Amino acid sequence: MSLVLWSAGSVVLVLFHGLFVVPRLPEPRDGAELGKLAYAALLTPRRLTGLIAMTVAAQAALLFVPAEQRPLWLVYSSAVTALVWVDACTTWLPSRLNWLATAELVLAAGIAVLLASDRPQLAIRLLLGAAAACLLWWGFYRLSRGGFGFGDVRLAPLAGALGATMGVGGWFAALLASSVMGAVWGLIAARRRPAPGTARGFAYGPWLWAGPYIALGWGVISQSLN
């Protein structure tokens, strides 16, 4: 029953972000010129169904994480999911929504640390995982010379913190998986011509978001095979 409540909480939270926060986000000054889809235009049945489907699918993680870490995964599967959904639809990661999701994840991290039996260890893992991911993606951003947006640098600490809950191996697996998938998708997107009136580039955020889930799934499969 508790898992049902956690899942319902994620759906309610993601709908709050999708229906009330996203349409009120300020548009970037060059958005229309670059062919960006307006945030308010995302509220279509098809796109909202995709957002809810991402959130519902992410609830499988709750079956395999410690109970005290569920607040982290609840926020990640709702507020952070809404953020990368916007990226998938527009190729923009709005900073205001990113900071809101970060604040919510920090609050969830505080709750998780208070509930954990190994409070210092979990707190250190979360801080180091977030900081290391941010530094790594900042390096990618500097080296890519426009290949990465700075929104990905702001998103990286959130994925890094979740990956770090699974230890050093989980952190590496999460970021490696997102890097590989993002690179493959980037190569595919580079060969496609954007439709007239649409934004150029591709959304990397969803792949970065998916990394911790892939690392968790890989860990579960590895344990079952041993």
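The paragraphs below lead from the nonpolar core of this predicted model to its aromatic pairs, its loops and its cysteines.

Local features are reported at a pLDDT of at least 70 and side-chain atom pairs only at pLDDT 80 or more, whereas totals for chains, interfaces and linings use all residues. Residues are numbered from 1 along each chain as its sequence is written, and side-chain values use heavy atoms, with hydrogens and water left out.

In soluble globular proteins, nonpolar side chains tend to be buried together. Here the largest nonpolar core has 54 residues, where a nonpolar core is a set of buried Ala, Val, Leu, Ile, Met, Phe, Trp, Tyr and Cys residues joined through side-chain atoms within 4.5 Å, and buried means under 20% relative accessible area, exposed over 50% and partly exposed in between, with a 1.4 Å probe and protein chains only. The residues with the most contacts inside this core are Val22, Leu72, Trp73, Tyr76, Leu155, Leu208 and Trp209. Taking contact as heavy atoms within 4.5 Å, and leaving aside neighbours within four places in sequence, Trp73 is in contact with Ala61, Leu62 and Val65, with Leu162, Thr165 and Met166, and with Pro212, Tyr213 and Leu216.

Rings of Phe, Tyr and Trp (its six-membered ring) pair if their centres lie within 6.5 Å, and planes under 30 degrees apart count as stacked, over 60 as edge-to-face and the rest as tilted. By this rule the count comes to nine aromatic pairs. One of them joins Trp137 and Phe140, which count as edge-to-face because their ring centres are 5.1 Å apart and their planes stand at 75°. Trp137 and Phe140 are three residues apart in helix H6 (residues 119-144), so about one helical turn separates them; helices here are DSSP runs (H or I) of at least four residues, numbered from the N terminus. Trp137 is buried at a relative accessible area of 1%, whereas Phe140, at 30%, is partly exposed.

The loop between helix H1 (2-21) and H2 holds Lys36 as well as Glu27. Which side chain does that of Lys36 meet in a polar contact? The partner is the side chain of Glu27, at 2.7 Å, a polar contact being a pair of N or O atoms within 3.5 Å, of which, within protein, one must be able to donate a hydrogen and the other to accept it, while residues adjacent in sequence count only if both atoms are side-chain atoms. Lys36 is buried at 9% relative accessible area, while Glu27 is partly exposed at 39%. A polar atom of the Glu27 side chain also lies 2.7 Å from the backbone nitrogen of Tyr39, and Lys36 lies over the face of Tyr39, 3.4 Å from the ring centre; a charge sits over a ring if NZ of Lys or CZ of Arg is within 6 Å of the ring centre and within 35 degrees of the ring normal. Not counting residues up to four places away in sequence, Glu27 touches Lys36, Ala38, Tyr39 and Ala40.

Gln59 is buried, at 9% relative accessibility, and its side chain makes a polar contact with the side chain of Ser10 at 3.2 Å. The Gln59 side chain also reaches the backbone oxygen of Thr55 at 2.6 Å. Thr55 belongs to helix H2 and is buried, with a relative accessible area of 0%; the side chain of Thr55 in turn reaches the backbone oxygen of Ser77 at 3.4 Å. Beyond four places in sequence, Thr55 touches Ser10, Val11, Val14, Ser77 and Thr81, and the corresponding contacts of Gln59 are Trp6, Ser7, Ser10 and Ser77.

In the loop between helix H4 (79-90) and helix H5 (95-115) lies Thr91, whose phi is near 65°, a positive value in a residue other than glycine. Thr91 is partly exposed, at 26% relative accessibility.

Finally, the structure holds zero disulfides, a disulfide being a pair of cysteine sulfur atoms within 2.5 Å. Cys89 is partly exposed at 24% relative accessibility, and Cys134 is also partly exposed, with a relative accessible area of 28%.

Methods. Helix = DSSP H or I, 4+ residues; strand = E, 2+ residues; numbered from the N terminus.
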